[in-house]
Amino acid sequence: MARTSSKKPPSEPPDPMPSRVDPCLATLVDKPPKGPDWAFEVKWDGYRLAVHLEPGRVRIITRGGYDWTSKFPAIADDARRLAVMTAILDGEAVVLDEKGRSDFGMLQRALGRLPSPYDAGAIVFYAFDLLYLDGCDLRRLPLRERRRLLEPLVAGREGAICLSEEVETDGDEFLRVACAHGLEGIIAKHRERPYRSGRNDSWRKITCKRRDSFVIVGFEPSVVPGAIGRLLLAARKGANLVYVGGCGTGWSNELSAELRKLLESILTDKPAVSLRRKNAIFTEPLLVAEVEYRAWTDDWKLRHASFKGIRERADDATVYSLVH
């Protein structure tokens, strides 16, 4: 398929290529929007990344602005084979399970923080937006135009970079099917709006369950020797961390022992939060847990929290912030 040109008229100078773009973030809502102006996609369970293709180099930038090109070698190598001179692709890096569902825990293991049967070559980048192409800043264009230019670049490819498909269906039905298949949820995007950095109403997320990131500030030992009974978690509140409860499920016996070893390597006698618990063992606030939960209690503690994955806090843009 021939690529649709995005080149500007010769009389116009090229748009400068941004060194970084703050990503557009979806607003959490209870129900999918209605109407023909909304497009739907799977909500991928991975790392939000921007892939920058420049003459002679590829950069892979996290949501928080860190250069993690070295962590995603297969994606970087595949990006060099795209038929473009310069581009910025917005998307999500994931590892798929045997049923084709993105699995955050598998992604973490592929990135090497915990022992893993997966390697970095298992990671796939699902591109869902195109922000810059061959001298043209596309952010001012409506989504439907950005997708028209993106699809010929990445659709139907075999490799580490794929297209995140839009689904032509009723949003309520798509959400029902997504939840029935064990997916995290769906994303709705307004076709006629430009790309806007930060959280806004142009993109909306509808999840099957609540899921967020919290800083690990300690743990309570398990009755099983060498294992973890409960992770102690904190959210951001302004410039500080505040305790929001913990989680004691979501891991196997093997993973529990691995987490215990990892956390014992960063013990501290200076807790990052104000908390008195008889069996608490405190750690430096260097790691972040992905947690699935049902709701908040009246005093802002997590209800029915379950562990889903772990990552370093170096890119902590996704850590939950309390606004009450």
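**View 1. α2 and β18 at the second largest pocket.** In this predicted model, α2 (104–110) and β18 (306–312) each supply at least two residues of the lining of the second largest pocket. The volume of this pocket is about 470 Å³. Its lining counts 23 residues, and D45, D103, F104, R211 and K308 are the closest to its centre. Sorted by class, the lining of the second largest pocket holds ten charged, seven nonpolar and six polar residues.

View 2. The lining of the largest pocket splits into 17 charged, 17 nonpolar and seven polar residues.

**View 3. Strands around the largest pocket.** Several strands each contribute at least two lining residues to the largest pocket: β1, β2, β3 (47–54), β9, β10, β11 (210–221) and β15 (287–293). β1 gives the most, with five residues.

**View 4. An open sheet of four strands.** The strand order is β1-β10-β9-β2, and the pairing is mixed. β1 (24–28) and β2 (38–42) are the edge strands, each pairing on one side only. From one strand to the next, the twist averages 40 degrees. Helix α4 (residues 171–180) packs on this sheet. The helix touches β2, β9 and β10. The direction of α4 makes about 155 degrees with that of β9.

**View 5. The β9–β10 pair.** Strand β9 covers residues 185–190, and strand β10 covers residues 198–207. The two strands pair in the antiparallel sense, over five bridges. G185 has T207 in β10 as its bridge partner. Both strands belong to the open sheet of View 4. β9 and β10 also each supply at least two residues of the lining of the largest pocket.

View 6. The structure holds one cavity of 30 Å³ or more. The largest cavity contains about 90 Å³ of space. It is lined by 13 residues, with V21, P23, L49, A50 and T62 closest to its centre. β3 and β4 (57–62) are the elements that give two or more residues to this lining. The largest share, four residues, comes from β3. By class, seven residues of the cavity lining are nonpolar, four are charged and two are polar. β3 also supplies at least two residues of the lining of the largest pocket.

Definitions and conventions: Residues are numbered from 1 along each chain as its sequence is written. This is a predicted model: local features need pLDDT of at least 70, side-chain atom pairs count only at pLDDT 80 or more; totals for chains, interfaces and linings use all residues. Side-chain values use heavy atoms; hydrogens and water are left out. Two strands pair if DSSP finds at least two bridges between them. Axes are lines fitted to C-alpha atoms, for helices over the stretch in contact, and angles run from 0 to 180 degrees between N-to-C directions. Contact means heavy atoms within 4.5 Å. Ala, Val, Leu, Ile, Met, Phe, Trp, Tyr, Cys and Pro count as nonpolar, Asp, Glu, Lys and Arg as charged, and the others, Gly among them, as polar. On a 1 Å grid over the protein atoms alone, a cavity is a set of points where a 1.4 Å probe fits but cannot get out, and a pocket is an open set with protein on both sides within 12 Å along at least five of seven lines; lining residues have an atom within 4 Å of a point. Grid points are joined across faces, edges and corners, and a volume is the space filled by probe spheres set on the points.
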